[in-house]
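Welcome to this tour. Open your viewer, get ready to select residues by number, and follow the stops below.

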Amino acid sequence: MTPPPTWTRRHILSLADFSREEYNTILQTAASFREILSRPTKKVPALQGQVVANLFFEPSTRTRSSFELAAKRLSADTLNFASSSSSLSKGETILDTAKTYLAMGADIMTIRHKQAGVPQIIAQEMDRLETGVSILNAGDGQHEHPSQALLDLFTLCLLLDNDSPQIESLQGKKVAIVGDILHSRVARSNIWSLTTAGAEVHLAGPPTLLPLEFGSMGKVQLHWHLDPALAKADFVMTLRLQRERMTQHLLPSLREYHQQFGITRDRLQSCHPDVKILHPGPVNRGVELSSELMDDPRLSLISQQVTSGVAVRMALLYLLGTMLDNSMTPTYFVR
Ligand code: CP
């Protein structure tokens, strides 16, 4: 295979300014790791001797576990931080926590926090101290979740071209993003990647969860009713109702929400005949989408999204971890 093009970013904090070339570098690198993950021996020595610290100040199942597995598949040493059992409860600051992991030799830190901007602040401090440490935003408040949108992109591009996933394959495809857009970092990151891909992006949700400001995020169409968003859609991305972030009464009831915006088999009738459903997880079964649809492997890409997450996160860690010397094609990439 051809070597991945040179990667120049130290941190991955947002997809707002990602180029098509950068997306394709990630897709191409993730495809190589996907192939490696299909082999009997799934581990490569790419990041041997490096330390990946997963600093999760907010709960996670998929993101934390797949970053850990991705780092292990790359032969990195991993450190996992969970705020509930940490010295944060004794008053230690977030920056001092990050500096503690720096002092232990962390080379890459993945950061999740309920406040937007925390990964950026840690990245600025790492740069100010000239540490060379890379920061990867693993979800910050309502801001962004870049690795989720990248694994969504990989899942979609693989479906469209299993041999050579590339962002161009999404040109002109209609993607409906449905639900709690207001509180969703996943939606924000996906809007950047999908609009850069040239997809036709339609956002649908109740007015309280889909404010007009989203119209300024790029070439997107807003709908306060579901049907126009679903008409002829190639992909429907449903989002979790983030009740933990709702400080006001934004919905009449979950039942009412499901009636108006819940994805069911009936509602998919107007979509493209080959429509597929995505959800970043965790899912509120029977609220954002019906339970039987979620479990239908002909329609639901939810399991593929989780599987894609490992290869994509391997690609991100690899690109950050080898950015000083990525002109070489490692022998394990060469078939
Ligand atoms: N999609 C996602 O971020 O899931 P987790 O909260 O389980 O990591």
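Begin with the whole chain: the centres of domain 1 and domain 2, taken over C-alpha atoms, are separated by 26 Å. To color them, select 20–144 + 308–326 for domain 1 and 146–305 for domain 2; these bounds come from an automatic or database domain assignment. Residues are numbered from 1 along each chain as its sequence is written. You are looking at a predicted model, where local features need pLDDT of at least 70 and side-chain atom pairs count only at pLDDT 80 or more, while totals for chains, interfaces and linings use all residues, and side-chain values use heavy atoms, leaving out hydrogens and water.

**Stop 1: where the domains meet**

Show the residues on both sides: 28 residues of domain 1 are in contact with 33 residues of domain 2 (contact means heavy atoms within 4.5 Å). About 2,500 Å² is buried between the two domains, with carbon and sulfur atoms giving 55%; buried area is the accessible area (1.4 Å probe) that two parts lose on being put together, summed over both. Now select Arg-20, Tyr-23 and Gln-142, which supply 28% of the area that domain 1 buries against domain 2, more than any other three residues.

The term means a side-chain nitrogen of Lys or Arg within 4 Å of a carboxyl oxygen of Asp or Glu. The rule finds two salt bridges across this interface.

Which element gives the largest share of the side of domain 1 that touches domain 2? Select α1: eight residues come from there. Helices (H or I, at least four residues) and strands (E, at least two) are DSSP runs, numbered from the N terminus.

**Stop 2: the sheet**

Next, display the strands. Four of them form an open sheet in the order β2-β1-β3-β4, with parallel pairing; two strands pair if DSSP finds at least two bridges between them. β2 (77–82) and β4 (134–140) stand at the edges with a single partner strand each, so one side of each is left without a neighbour in the sheet.

Zoom in on β1 (residues 51–56) and β3 (residues 108–113), which pair in the parallel sense over five bridges. Pick Asn-54, and you will find its bridge partner in β3, Thr-110.

**Stop 3: a pair within a helix**

Finally, select Arg-64 and Glu-68, which form a salt bridge with the closest N and O atoms 3.0 Å apart. Both lie in helix α2, four residues apart, and so are separated by about one helical turn. A search of the whole structure finds 14 salt bridges.
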